[in-house]
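Grab a pencil and work through these exercises with the model open beside you. Try each task before you read its solution.

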Amino acid sequence: MITSLSVVLLHEMEKYNNLLDLMETSLTNLQKAVTGEVVMSQELDGIYTCFLMLKVPPTWKIYDSLKSLGSWYADLNSRVQFVRRWLCTGVPSAFRLSAFVFPQGFLTGALQSHARLYQIPIDQLSFDFEVTSFEMEEQVKELPKNGIYISGLYVEGAMWDQSRRALTDLPPGQLYKPMNVINFIPTNAAKEIEEGTYLCPVYKTAERQGVLTTTGLSSNFILAVELPCAGDKPDTVSYTHLTLPTICSV
């Protein structure tokens, strides 16, 4: 039987394959138009103009990104390599959330896998969060006993202090800091926000804005992660939100 995560992989593969086919077609036709073999259509002219301005053509934007063309292409290669490794070598030890076109669908797939395994209605499930000592996904060598490891998040306006196991202030002059790998653990237990915990929203880009979806949430919003904070008043600290490295990589 095909698992829920396998369905997620198939959907992601389809989206990226369609994008790569579109890019190949666009570049081939643009090359012919430049040499005069075909007429330069309005669409091809728009793509050519985007290239001159180092922007990503609108027809190529199947996922949210604020990157310039060169950085976007490097990020696309990284995303495709992640999906290819998953297909060829099996379920990865850690999932880079920024590699997904639709990360919300992936997280739903993870909950669905847990629901099928333990015969629990999926609408009764949510995630608990445990920040690990792994600073990079390459350090993760095996799957967690429960849940999934999530990597690829950056914190804006704060940093994770492993010695205190809490969010703390950033050093002066810094804005973003890589977040440790987080274990997303499905649970059907009733949850209450503990004192000293910050409900940190996760966004696809630092714009923190998007199209309003049928769920009533922004398309840029993924979920909120519960993170412990250093200090007595987490609601008043300067910590803002987790963002994906589609806009935070340096």
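Helices here are DSSP runs of H or I with at least four residues, numbered from the N terminus. With that rule, F106 lies in helix 4. One thing to keep in mind throughout: this is a predicted model.

**Exercise 1. Getting an overview**

Task: Find how many helices and strands the protein has, and what share of its residues is buried.

Solution: 
- Start with the secondary structure: there are five helices and eleven strands.
- Next, look at burial: 44% of the 250 residues are buried.
- Finally, check how far contacts reach along the chain. Of the contacts between residues at least 6 apart in sequence, 67% join residues at least 24 apart.

**Exercise 2. Around F106**

Task: Work out whether F106 is buried or exposed, and which residues F106 is in contact with.

Solution: 
- Begin with accessibility. Buried means under 20% relative accessible area. F106 has 0%, so it counts as buried.
- Now list its contacts, skipping neighbours within four places in sequence: L5, V8, F95, L97, F100, I148 and I150.
- Pick out V8 from that list. V8 and F106 are 98 residues apart along the chain, yet their C-alpha atoms are separated by 5.9 Å.

**Exercise 3. The largest nonpolar core**

Task: Find how many residues the largest nonpolar core has, and which of them have the most contacts inside it.

Solution: 
- The largest nonpolar core has 50 residues.
- The ones with the most contacts inside this core are W72, F95, F106, L107, F184 and L223.
- Then ask who contributes. Elements that each supply at least two residues of this core include helix 1 (4–34), helix 3 (69–89), helix 4 (103–118), strand 9 and strand 10.
- Zoom in on L107. Leaving out residues up to four places away in sequence, L107 touches L97, F127, I148, F184, I222 and L223.

**Exercise 4. Two neighbouring strands**

Task: Determine in which sense strand 9 and strand 10 pair, and over how many bridges.

Solution: 
- Strand 9 (residues 197–203) pairs with strand 10 in the antiparallel sense, over seven bridges.
- Check the pairing at two places. Y203 has F221 in strand 10 as its bridge partner, and T197 stands opposite P228 in strand 10.
- Now look at burial. In strand 9, six of the seven residues are buried, so the rest of the structure largely encloses this strand.
- Strand 10 (residues 221–228) has six of its eight residues buried, so it is largely enclosed too.

**Exercise 5. Rings meeting rings**

Task: Count the aromatic pairs, then classify the pair formed by F134 and Y149.

Solution: 
- Rings count as a pair if their centres lie within 6.5 Å, and planes over 60 degrees apart count as edge-to-face. The count by this rule is 15 aromatic pairs.
- W86 and F95 are both buried.
- Now F134 and Y149. Their ring centres are 5.9 Å apart and their planes sit at 80 degrees, so this pair is edge-to-face.
- Locate the two partners: F134 is in the loop between strand 2 (126–131) and strand 3 (148–151), while Y149 is in strand 3, 15 residues apart.
- Compare their accessibility: F134 has 24%, so it is partly exposed, whereas Y149 has 13%, so it is buried.

**Exercise 6. Positive phi angles**

Task: What is the phi of L54, and what is the phi of R165?

Solution: 
- L54 is not a glycine, but has a positive phi of about 60 degrees. L54 sits in the loop between helix 2 (42–52) and helix 3, and at 54% relative accessibility it is exposed.
- R165 is not a glycine either, and has a positive phi of about 50 degrees. R165 is in the loop between strand 5 (159–161) and strand 6 (166–168), and at 36% relative accessibility it is partly exposed.

Definitions and conventions. Residues are numbered from 1 along each chain as its sequence is written. This is a predicted model: local features need pLDDT of at least 70, side-chain atom pairs count only at pLDDT 80 or more; totals for chains, interfaces and linings use all residues. Side-chain values use heavy atoms; hydrogens and water are left out. Buried means under 20% relative accessible area, exposed over 50%, partly exposed in between (1.4 Å probe, protein chains only). Two strands pair if DSSP finds at least two bridges between them. Rings of Phe, Tyr and Trp (its six-membered ring) pair if their centres lie within 6.5 Å; planes under 30 degrees apart count as stacked, over 60 as edge-to-face and the rest as tilted. A nonpolar core is a set of buried Ala, Val, Leu, Ile, Met, Phe, Trp, Tyr and Cys residues joined through side-chain atoms within 4.5 Å. Contact means heavy atoms within 4.5 Å.
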